[in-house]
Amino acid sequence: MRIEVNGTPRDIAATTLADALAELGWADARVATALNGDFVPSSARAGQALRDGDRLEVLAPMQGG
């Protein structure tokens, strides 16, 4: 299916948010996720189904001032 990840179209095989993060290389990363503009907590990612055309935002914390 084709989804948008951080503004870039991507083709993925995953059907859940957790599987998509693993496929995209963020399986072990501490990140925040939003699907179609709604925050998805890490505890809900395995049960969060993806659909063609979804917009996924993945944000990682950064240090600095």
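Leaving out neighbours within four places in sequence, Leu50 is in contact with Met1, Ile3, Ile12, Ala14, Thr15, Thr16, Leu17, Ala20 and Leu35. Bear in mind that this is a predicted model.

**The nonpolar core**
- Leu50 belongs to the largest nonpolar core, which has 14 residues. Along with Ile3, Ile12 and Leu56, Leu50 is among those with the most contacts inside that core.
- At least two residues of this core come from each of β1 (2-5), α1 (17-23) and β5 (55-59).
- The largest share is from α1, which puts in three residues.

**Thr16**
- You'll find Thr16 in the loop between β2 (8-11) and α1.
- Thr16 counts as buried because its relative accessibility is 16%, and the cut-off for buried is under 20%.
- Setting aside residues up to four places away in sequence, Thr16 touches Arg45, Ala46, Gln48, Ala49 and Leu50.
- A polar atom of the Thr16 side chain sits 3.2 Å from the backbone nitrogen of Asp19.

**Strand pairing around β3**
- β3 (residues 32-35) runs antiparallel to β5, with four bridges between the two. One of the residues to look at is Ala32, whose bridge partner in β5 is Leu59.
- β3 also pairs with β4 (residues 38-40), again in the antiparallel sense, over three bridges. Here Ala34 has Phe39 as its bridge partner in β4.
- β3 and β4 make a hairpin with two residues between them. In that turn, Asn36 has a positive phi of about 55°.

Methods: Residues are numbered from 1 along each chain as its sequence is written. This is a predicted model: local features need pLDDT of at least 70, side-chain atom pairs count only at pLDDT 80 or more; totals for chains, interfaces and linings use all residues. Side-chain values use heavy atoms; hydrogens and water are left out. A nonpolar core is a set of buried Ala, Val, Leu, Ile, Met, Phe, Trp, Tyr and Cys residues joined through side-chain atoms within 4.5 Å. Buried means under 20% relative accessible area, exposed over 50%, partly exposed in between (1.4 Å probe, protein chains only). Contact means heavy atoms within 4.5 Å. Two strands pair if DSSP finds at least two bridges between them. A polar contact is a pair of N or O atoms within 3.5 Å; within protein, one must be able to donate a hydrogen and the other to accept it, and residues adjacent in sequence count only if both atoms are side-chain atoms.
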